[in-house]
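Colleague: Could you take me through the labels used for this protein? I would like to see what stands behind each one.

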Amino acid sequence: MDVTVPPIPAAYDEYRATLLAFLAAHKPVLSWKQRTGVRVPDDGADVELLREYVRDLDEAGYRLDRFSSSTERSDPYEQRILEQELGAAGVPYVLGNPLVAGALKHFGTDEQRARYFPAMARGEHIWTQLFSEPDAGSDLTSLQTRATLVGDEYVVVGQKVWSTWAQWADFGYLLARTEPVEGAGGITAFILDMHSPGVDVRPLREMTGTTDFNEVFFDDVRIPAANVIGAPGEGWRVAGASLAEERTGVGSAGGGGGNDPGQRLVRLARRTRRQGRPAIEDGAVRQQIGELAARSRIQRHLGQRMATKAVKGQITPADAPIAKIWFSELNLETTEAALALLGPRSMAVEGDELAEEDGRWQDAFLYARAWTIAGGSNEIMRNLIAERGLALPREPRGPSPS
């Protein structure tokens with residue numbers, strides 16, 4: 001199977017230059033400090049500036065295929081350039097959690113796609129993901145939030161947690177139990193208007209000091225039956241399709257250009273000192289950085305290979321979990337290496353005059369664990385690779401608690 005990623009032809013240099021000029025002219029100036037990971041603004045004024053930025057991108061024709069209701073795909077080279085340069089700009093160009101795009105693409109109605117895709121692309125609709133619960137994280141089949149059909153509406157009662165962008169979201173991609181069966185068969189996927197009466201969003205302050213996640217409570221929240229994605233009881237299949245795309249996104253996360261963590265690590269090793277010399281002159285440091293750089297190159301090719309396979313319709317159940325595990329564990333080890341280089345200065349936090357890059361590496365280390373959980377914990381991902389990718393016997397399950 002040929003999944004070689006071809007280089008971008010020189011004929012696209014003009015497209016890249018035009019895009020870069022546009023970004024230089026339209027990139028917003030935010031009060032919000034940019035950090036690594038999927039982070040969320042603290043100020044509503046910054047959110048409005050980001051909405052305007054995304055709208056300008058869309059009006060200029062810079063739209064990603066993930067928000068297209070058409071089965072026809074855009075020029076793949078232009079899409080790659082878009083992903084590269086928008087990521088390198090360091091400003092969110094997809095507002096909220098776009099996981100619902102995969103669900104609507106595969107299971108949504110024509111009316112749902114026509115309504116929500118353009119608004120997502122323009123930044124008019126910010127979405128949040130409402131999957132995880134206090135007792136149902138990677139094992140979503142244990143979720144307890146319930147939606148009861150009353151006439152032509154569902155009435156929702158329950159709680160979700162670890163929902164990014166929920167404090168600014170217009171809509172939520174909700175999984176709730178609707179059918180009188182346990183496990184995956186009783187789950188339904190919904191589109192939830194986050195401004196509905198009975199929705200209570202409470203931001204969570206994390207160890208990073210930021211509020212990137214939220215818990216969300218539902219007290220008799222009413223959802224029109226027309227807002228079901230797929231069919232009642234089909235939510236597990238709907239979620240599976242979109243979660244595969246999220247894991248792909250986690251696997252291709254990181255950064256390009258000046259945001260490449262490997263290059264930043266090299267620059268850090270040049271600035272820090274070990275036994276009176278720049279740390280980069282230490283053979284052990286160079287060997288560690290070389291290993292991380294090689295694995296970073298593999299990560300990039302895994303992401304490109306996956307993108308190519310997706311275009312050809314050749315994605316397997318193991319592809320996204322492999323890339324997700326590779327990135328998240330490499331990212332964690334990279335931040336650990338940076339803190340080791342900093343030594344005692346790694347304890348200096350943002351705002352401290354001794355903090356390197358204003359505490360960037362410490363923040364990245366604290367956030368890195370989240371990537372090992374996002375989209376399903378790495379332990380669950382290894383089970384998926386074994387059971388669905390390699391067709392190995394299922395892991396023995398212990399008895400259910402009585």
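Modeller: Happy to! A salt bridge here is a side-chain nitrogen of Lys or Arg within 4 Å of a carboxyl oxygen of Asp or Glu. The structure holds 26 of these salt bridges. This is a predicted model, where local features need pLDDT of at least 70, side-chain atom pairs count only at pLDDT 80 or more, and totals for chains, interfaces and linings use all residues. Residues are numbered from 1 along each chain as its sequence is written, and side-chain values use heavy atoms, with hydrogens and water left out.

Colleague: What makes Glu 329 and Arg 382 a salt bridge?

Modeller: Their closest N and O atoms are 3.0 Å apart, and the cut-off is within 4 Å, so the pair qualifies. Glu 329 sits in helix H9 (residues 319-342) and Arg 382 in helix H11 (residues 378-389), 53 residues apart. Helices are DSSP runs of H or I with at least four residues, numbered from the N terminus.

Colleague: Why is Glu 356 called buried?

Modeller: Buried means under 20% relative accessible area, exposed over 50%, and partly exposed in between (1.4 Å probe, protein chains only). Glu 356 has 11% relative accessibility, so it counts as buried. Its salt-bridge partner Arg 345, at 3.1 Å from N to O, has 36% and is therefore partly exposed.

Colleague: And why is Arg 394 called exposed?

Modeller: Arg 394 has 58% relative accessibility, so it counts as exposed. Arg 394 meets Glu 387 in a salt bridge of 3.6 Å, N to O, and Glu 387, at 16%, counts as buried.

Conventions
Helix = DSSP H or I, 4+ residues; strand = E, 2+ residues; numbered from the N terminus.
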